[in-house]
Amino acid sequence: MIYNIYHKTTFHYQSMVSYSHNIARLKPIESEHQKLLSYSMSVVPCEYESHQFFDIFGNNNTHLVIREPHQELSVIGESKVEILEEKIQEKIDIFRSKTVLYGDTLERLSKFHIDDIEAKQFLFESKLIPTKSQKIKEYALESFSKERSLFEATEEFMGRIFRDFEFVSGFSDITTPVENIFEAKKGVCQDFAQFAISALRSIGLSAKYMSGYIETLPPDGKEKLFGADASHAWFAVYIPDIGWAEFDPTNNMIPQEQHILLGSGRDYYDISPLKGVVRSSGGSHLGVMVDVRRDVQRVMTQTQNQFQSQF
Amino acid sequence: MSIFESYVSEPSFDEVFDRDKNVRSFWKDIISDIEDAGLDVLKAKQADIDWHLEDNGVTFNVYDTHEKSAQRFWSMDPIPFVITQEEWAQITKGLEQRATLLNLIFKDLYGEKKLLKENIIPAEVVYGHKGYAPEVFDFGYKERFNLYFYATDMARGPDGKMWVINDRTQAPSGLGYAIENRLTMNSIAKELYPNIATKKLYTFIEEYKSLLLKLTDGDLSKAAILTPGPHNETYFEHAYLSSFLGIDLVQGDDLLSKNGSLWLKSLSGLKQINTLLRRVDDRYCDPLELNEESRLGVAGLVESMREDNLTLINPIGSAILENVGLIPFMEKICEYFLGEKLLLSQIATWWCGQKKELDFVLENFDHLIIKKIDRTESIQVYFVNQISQEAKERLKELLVQNPHQYIAQEEVAFSTIPYYAGEKVEPRNAVVRTFCLKNESGYSVMNGGLVRVSAQKDSLLVSSQKGGKSKDLWILGGSEDEIPLANFFKYTQYLETSIDKISTPKAENLFWLGRYLARCITTTRLIMHVIKKITNFYRYEVVTSKESQIILQNALTHMTMTYPGFLDQNNQKNLEIFPMHEIISVIKDSNRVGSLSFTISMLSNANMNLKDLLAFESSKLFDKMLHEWNEFINKNNDSTLSVADHLDDLLIYMMAYKELVKESMFKEQGLIIYEIGYKIEVALLLISKARSMLCVKLDRFIGHDVLEGMLNSVESFNAYRAIYRSSLTLENVVDFLILNPQFPKSLLQITTQLLKEFKLLPKAKTYLTSYEEPIQKAQKLLENIRLLDLMQTQENEGIYMKLDELLVTLSGLYMECSNEFSNTYFSHYDE
């Protein structure tokens, strides 16, 4: 499956800003599950300088310096990403067929194993997921027992979040503590992902924050409006000897061909699409517009090719 | 009686006395010098020391609340901490080894991570510690990513050897205090310890300078010290180090980043910085990539490192080396990297993240000290034998829940040393801080250090935050080549204040210091005059007329822009009966923008930020003034006369302060910026007052009062009399204060002076700059207008229209000048 993604992030400042430093993370990563076919970025006002680098999590970062007076900064990332559905399916099949127990995972993580070193970065508290709450731990443990398959338990845990929590936008923002989300049992995809990560870390597992997009479809018979999408978030848990298993608690599904990964980190903070430092009085607010749609043209050309080759 | 007769040796090791109470041989000369001198001399020497330290302004700040910081003077004991040459040689080797080792760990953790991959250090010890900076995860491969400067806290263990207590790697403090201690000690040692030869410190400082020269390719102007600012506890030291290393002292605001590099903003433009000796903690150095709340760093600093355009002493990420969780693995790491045994003893330490160790810790819980490995946010140390059973259980629970976050250490009785505590000498614990510096082949160790003494007996908790008691560290034995230290470290305040090089934020503060000081003085004068009128202070037979009173009061509201103030239509009755209520609010209400208190607090900020540039007396005077002022504004129900008294005092302080500011700097240095700010403000306030007081048509009696007020508020009544000799007339006052080409306080004179001063600035051009243009226009207007034309008026008009129009135009021109001036010199938009 091929997707065209348009992701525009805008800072609106209360007063004029003449100098700003920003880091944009709008370029999707390449992995065994997805290919980046093309990517372009545009910045208004035009950047004075920019420089790209990879961070420790493998995400694409662009450092942007703006040096002209502006009251609004927009960064638009446009990418074409191919999702390798078969590879994803293969991986999911392995997760389902090869049972790794929760208890064995804890045992394994408590010791040295060369393959686990990188995953151990995701064991600990992080900036936006700072403390481990006893209540959240208890909630998580309802799904996890030592003799149970880690994958299966996490899948059930995801289902419980989906059922117990209500999707309500406007209740929270990214700084809302996980405990409050848990108390209120409502939030949006970022909250559910961060809650799940907090819970999994509290019971000794490595969990990471996945940031990206999900394809949404308009109601039957309606045209999809441009920009009607949003960025999406889900989580992944580390299963020794197999790897990171992804779960989307907002939709109660295991990401397959509809999820496009932008990048990952310990929490939202590591992969926020745009962050900046400005010298200015007054605050700023952030606007986001996202559009995700299948690359129809490409699909049509493929059909044409097939058609032609039949002759 | 012997001084040491009452000195009770503790059961632990004593530095001076052995188990049998005999003085150790290498202490004999020093102890007999002290005995010979006697307590009285010791007391006198202590007083000498205190005086020296205070005279040199050696202070450290203590954080009381987040807002205020109190300054305390540093104190040093006349009895040194002594180490023999032989022992020091051993310690030096051990320190060199440890520094080398820590640098290898540093480069590895931000590079190949072999220590993790080969199971030398558990990954949890690194990833579970907030000092690990993922932002620089691959910087370890860079040639200039090194632990350049390293401090080690040591204390003598029960076996008589110096043990390592802590490693300080981010931005170690203490070097400046150590040097100052030595200089101060030198001043008393000649008399007190005439025959003791000690190793000197200067070679270390020479090496520090060579390191900086190497890193800056021979151009020291590319290096700077990054300080969090005057509020920081060790700010004295930052200024001190900048002085004897000969490099700029800068704050985050002084720098900007572009083209993947850091630049120092100065009045003449931007200057590249490639080496920063930073005294700001890791996470606070860059709000873009590190702690976004930080206001102490520079956005883009990490990017400059990434682009290989910046060397930090020490690099971001070095906080990971302060991790006490590394201690249990140091032996293994040493074996791994160097194939050697660790030379320096450490305190026995267990990391609880391993089952065997955790079990041991839980079994021996009562005899251990438990510490959280991560001390980046707060230091958590539990002496298990000193806490309640309940707290013990809670702590055990924490350990079992998050074992990888804790270590346990054996409780060690460290050595004691005699300390002169006022009336007698008593034993105290002491921690020795030593310093290492990276050189071409390895590390050099300073032949001395900073010794901090515990505040009480039996306490190893030494911290400058808790009280700065210190000792000099003496390594016995002379140096081969004697260079008198005092000459070498001639302490001259080193601050770049030449007009071309002064840093932009300093210049901006000077500009605002001028503006706020002018505003304070003018406001105080006007308020005093209004109060004196209200209370009929001048004892005129005719009580001040109500009309003139109102005009004066309205002028106050206009000038301070404390609207609605006296102009409040809904409150006229109250204002008429109790004018003092409003006046007190304009004086005291610091939340009210434009009030005297508000302006003083702005002035106080500018003064604080310029502390290192201004004369020492000026900050003393300012502190005194502020202290009295705060007392005054927090007091209620003063009589009107006592308010006037306080304002009088304030005015005297401010005039004295103004003179001290002028004495601190040459005009060609930053002072000119201050002068310009001062003049622009004076002009703007004069215009405002003139609009309120000189443009209204009044009858003779009322007019007299108002004109007198106008002249008094610029302290020009006598000068007026001297020139005009006649009674007060509006025409003469306008001529005098606005158009007079000779009187220095007239608007025309101020305008002319400003134009001259502009020509001394670094960005002066042969043509008119954007900030000169409006002032040039103002000058033309003032020169070409005739007084008679200005005062022409129609019968039916209540105000002098022409004069008012002129003043409005002038006000606009001055505002324009101020804005353009700020844009040109303080913003660096176009460089």
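Tutor: Two residues are in contact if their C-beta atoms, placed from the backbone, lie within 7 Å. By that rule B:Glu617, B:Ser618, B:Leu621, B:Phe622, B:Met625, B:Glu628, B:Trp629 and B:Phe632 of α18(B) meet a set of residues in α19(B) that includes B:His646, B:Asp649, B:Leu650, B:Tyr653 and B:Ala656. The model is predicted, with local features needing pLDDT of at least 70 and side-chain atom pairs counting only at pLDDT 80 or more, while totals for chains, interfaces and linings use all residues. Residues are numbered from 1 along each chain as its sequence is written, and chains are lettered from A and ligands numbered from 1 in the order in which they are written.

Student: What makes α18(B) roughly antiparallel to α19(B)?

Tutor: The axes of α18 (residues 616-633) and α19 (residues 640-664) of chain B cross at roughly 160 degrees and come within 9 Å. Angles over 145 count as roughly antiparallel, under 35 as roughly parallel, 65 to 115 as roughly perpendicular and the rest as oblique, and therefore α18(B) is roughly antiparallel to α19(B). The axes are lines fitted to C-alpha atoms over the stretch in contact, with angles running from 0 to 180 degrees between N-to-C directions, and the helices are DSSP runs (H or I, at least four residues; strands are E, at least two), numbered from the N terminus.

Student: Which residue classes make up the contact of α18(B) with α19(B)?

Tutor: The residues of this contact divide into 11 nonpolar, three polar and three charged, where Ala, Val, Leu, Ile, Met, Phe, Trp, Tyr, Cys and Pro count as nonpolar, Asp, Glu, Lys and Arg as charged, and the others, Gly among them, as polar.

Student: How do you know that α13(B) is roughly antiparallel to α17(B)?

Tutor: Helix α13 (residues 504-534) and helix α17 (residues 596-609) of chain B pack at an angle of about 150 degrees, with their axes 9 Å apart, which means that α13(B) is roughly antiparallel to α17(B). Among the residues that make this contact are B:Trp512, B:Tyr516 and B:Cys520 of α13(B) and B:Ile600, B:Leu603 and B:Ala606 of α17(B). By class, the contact of α13(B) with α17(B) holds 11 nonpolar, six polar and one charged.

Student: Why is B:Lys113 called partly exposed?

Tutor: A residue is buried if 20 or more other C-beta atoms lie within 10 Å of its own, exposed if 12 or fewer, and partly exposed in between. B:Lys113 has 17 other C-beta atoms within 10 Å, which is why B:Lys113 is partly exposed. It lies in the loop between α2 and α3 (114-117) of chain B, and its phi is near 60 degrees, a positive value in a residue other than glycine.

Student: What makes B:Glu715 partly exposed?

Tutor: B:Glu715 has 14 other C-beta atoms within 10 Å and is therefore partly exposed. B:Glu715 is found in the loop between α21 (700-713) and α22 (717-724) of chain B, and phi of B:Glu715, near 50 degrees, is also a positive value in a residue other than glycine. Most residues other than glycine have a negative phi, and most peptide bonds are trans.

Student: Where is the cis peptide bond with B:Pro564, and what is its omega?

Tutor: The cis peptide bond joins B:Tyr563 and B:Pro564, with omega about -5 degrees, and B:Pro564 is found in the loop between α14 (546-560) and α15 (572-577) of chain B. The peptide bond from B:Ile313 to B:Asn314 is cis as well, with omega near -5 degrees, and B:Asn314 lies in the loop between β13 (311-313) and α9 (330-338) of chain B.

Student: What makes up the largest nonpolar core?

Tutor: A nonpolar core is a set of buried Ala, Val, Leu, Ile, Met, Phe, Trp, Tyr and Cys residues joined through C-beta atoms within 7 Å. The largest has 204 residues, and those with the most contacts inside it are A:Ala196 and A:Phe235. Helix α2 (residues 85-109) of chain B gives the largest share of this core, nine residues. A second, separate core of 95 residues includes B:Val643, B:Val706, B:Leu754 and B:Tyr800.

Student: How many residues of chain A are in contact with chain B?

Tutor: On chain A, 18 residues are in contact with 22 residues of chain B. β4(A) gives the most to the side of chain A that touches chain B, with three residues, and that side has 11 nonpolar, five polar and two charged residues.
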